[in-house]
2 protein chains.
Amino acid sequence: MNIGIIGLGLMGGSLGLALKKYPKKYTVLGYDHNPIHQNDALELKLVDKISSDLNEMKACDIIILTIPVDAIIAISQDFLDISKNCTVIDFGSSKEKISSSIPSPIRQNYVTAHPMTGTEKFGPSAAIEDLYSHKTMVICDIEKSGEYQKEVALALFRDIDAKIVFMGAKEHDRHAAFISHMPHAVSYALAQSVMKQEDPKSILALAGGGFKSMSRIAKSSPKMWEDIFRQNKNNLLESITAFNTEMQLCQTLIEEEKWEELHQWMSQANQLHKIL
Amino acid sequence: MNIGIIGLGLMGGSLGLALKKYPKKYTVLGYDHNPIHQNDALELKLVDKISSDLNEMKACDIIILTIPVDAIIAISQDFLDISKNCTVIDFGSSKEKISSSIPSPIRQNYVTAHPMTGTEKFGPSAAIEDLYSHKTMVICDIEKSGEYQKEVALALFRDIDAKIVFMGAKEHDRHAAFISHMPHAVSYALAQSVMKQEDPKSILALAGGGFKSMSRIAKSSPKMWEDIFRQNKNNLLESITAFNTEMQLCQTLIEEEKWEELHQWMSQANQLHKIL
């Protein structure tokens with residue numbers, strides 16, 4: 001099978017690496033606007049071949065879209081002439097706008113998915129072989145995908161050892177806002193507030209594991225997250241408001257020296273260890 | 001040398017483990033109010049011996065205080081009769097109140113330090129041998145410590161491979177509020193807001209590395225953090241206000257769809273990767 005990966009960053013590059021395990025089953029073609037990414041992907045052996053011809057990509061059996069979510073919507077307008085058996089899989093982090101923007105004549109060609117994995121790094125050099133291994137792959141609005149495309153996608157996801165979860169796109173976007181998108185906004189705000197108040201020397205000297213893990217995802221790609229925040233704006237604002245309410249409560253309990261209540265509030269947060 | 005560790009949780013237990021490398025140099029005596037901790041510490045071989053006699057602890061060459069910061073201040077009132085050559089080292093996360101509360105006749109016996117390391121786990125079973133290895137140890141107000149005590153503490157810190165940084169207690173508390181204490185408040189608020197809105201099944205299914213690292217320290221000990229928040233109240237409130245200002249800015253930029261400014265704000269946060 002020919003697999004065409006459009007977008008050779010962390011997600012696309014890692015998929016290419018994961019598919020190396022099946023050299024007879026999959027031939028991987030890579031496509032990226034950025035010539036540096038093209039060279040890096042070849043040098044790092046993330047893909048078997050680079051193409052700069054979108055028509056060559058469209059002739060693949062499976063097309064993977066690992067590009068920012070706005071670009072997924074834009075490029076899909078060019079896919080009206082793909083073959084009936086082509087399977088297009090997008091890895092966007094927000095799903096409702098993507099799911100509803102795919103032109104209806106080719107909607108059944110798409111399997112719209114969100115891998116719940118990643119790192120703060122980006123570009124081809126960030127790719128790692130086991131990024132998807134034993135991680136959740138959320139597949140959204142599967143009833144809109146063709147039966148054949150569903151089988152192709154599931155087989156591919158099994159090959160990269162992903163754990164499959166099915167969910168409606170609308171439901172996904174609400175959950176993702178709370179569990180992924182808002183925490184990214186929080187991390188960016190944390191990094192901003194600390195860098196504005198503290199000099200680099202103090203940050204380096206004093207940062208323990210807590211600050212490092214809290215600020216890690218503030219290093220994530222602004223282009224990618226700008227698009228996600230735009231596409232999931234309403235859910236995101238709702239989740240930010242819910243977070244701000246808790247932060248405000250914490251602040252008030254400290255200001256008013258209500259230490260017992262603060263202790264109880266922290267103990268409730270502790271319950272997270274029963275889940276994760 | 002006899003070392004008496006008072007408080008056999010993550011910090012005290014890990015110090016005991018780290019000192020195992022020097023069986024001829026250090027004999028480690030452990031003390032803890034909690035009988036379960038006493039048994040666990042012995043079974044896990046964190047200490048050579050358990051004592052329930054505070055006078056026996058006070059007779060040690062070095063006393064380590066790895067208990068919550070309020071308890072450090074309280075127990076120091078009982079130390080007025082320690083010997084002239086005794087060295088007391090506390091590992092509290094807030095330093096100004098501790099530094100100024102030590103009774104003046106024994107102030108020179110103290111070296112007041114803050115190891116910039118830890119995990120979200122607590123209790124003797126959380127102890128790990130290399131917790132202090134290559135991590136920063138901030139020593140505060142060293143000019144108030146005796147020359148002999150300073151040498152004893154530095155030798156001990158060298159033996160556990162800590163990196164030494166000297167700082168005034170007042171300056172420490174301001175930095176620590178931004179780089180450690182406020183991020184803990186943020187993590188507790190994040191865990192609270194997500195658990196109130198999301199069911200455990202969705203959290204487990206959808207939590208990627210981002211949420212896991214952002215919420216990890218929300219599992220930290222409420223008793224320990226209640227005390228730190230109380231002792232460092234003013235700096236903490238200032239840092240929470242600075243964080244809230246950034247969070248508010250992020251929210252406004254999304255509400256008003258100022259995507260370019262949002263992108264720029266995230267790019268600025270990205271600069272953190274140049275430091276950490």
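Predicted model: local features only at pLDDT ≥ 70, side-chain atom pairs only at ≥ 80, totals over all residues.
Residues are numbered from 1 along each chain as its sequence is written, and chains are lettered from A in the order in which they are written.

Chain B is laid on chain A with an RMSD of 0.0 Å by a turn of 180 degrees and a shift of 0.0 Å along the axis (least-squares superposition on the C-alpha atoms of residues with pLDDT of at least 70 in both copies). The two copies are thus related as by a two-fold rotation axis.

In chain A, 8 strands form an open sheet of mixed pairing, in the order β3-β2-β1-β4-β5-β6-β7-β8. Strands are DSSP runs of E of at least two residues and helices are runs of H or I of at least four, numbered from the N terminus; two strands pair if DSSP finds at least two bridges between them. The edge strands of chain A, β3 (49–50) and β8 (163–167), each pair on one side only. Strands β1 (residues 2–6) and β2 (residues 27–31) of chain A run parallel and are joined by 5 bridges, with Ile6(A) opposite Tyr31(A) in β2(A). Helix α1 (residues 10–19) of chain A packs on this sheet, touching β1, β2 and β4 (62–65) of chain A, and its direction makes about 160 degrees with that of β1(A) (axes are lines fitted to C-alpha atoms, for helices over the stretch in contact, and angles run from 0 to 180 degrees between N-to-C directions).

In chain B, strand β2 (residues 27–31) pairs with β3(B) in the parallel sense over 2 bridges, and Gly30(B) has Ile50(B) as its bridge partner in β3(B).

At the interface, 78 residues of chain B are in contact with 78 residues of chain A (C-beta atoms, placed from the backbone, within 7 Å). Helix α7(B) gives the most to the side of chain B that touches chain A, with 19 residues. By class, this side of chain B has 44 nonpolar, 25 polar and 9 charged residues (Ala, Val, Leu, Ile, Met, Phe, Trp, Tyr, Cys and Pro count as nonpolar, Asp, Glu, Lys and Arg as charged, and the others, Gly among them, as polar). Of the interface residues of chain B, 100% are also interface residues in chain A, so the copies meet through the same surface. Leaving aside neighbours within four places in sequence, Val186(B) is in contact with Val186(A), Leu190(A), Met214(A), Met247(A) and Phe243(B).

Technical notes: Contact = placed C-beta atoms within 7 Å.
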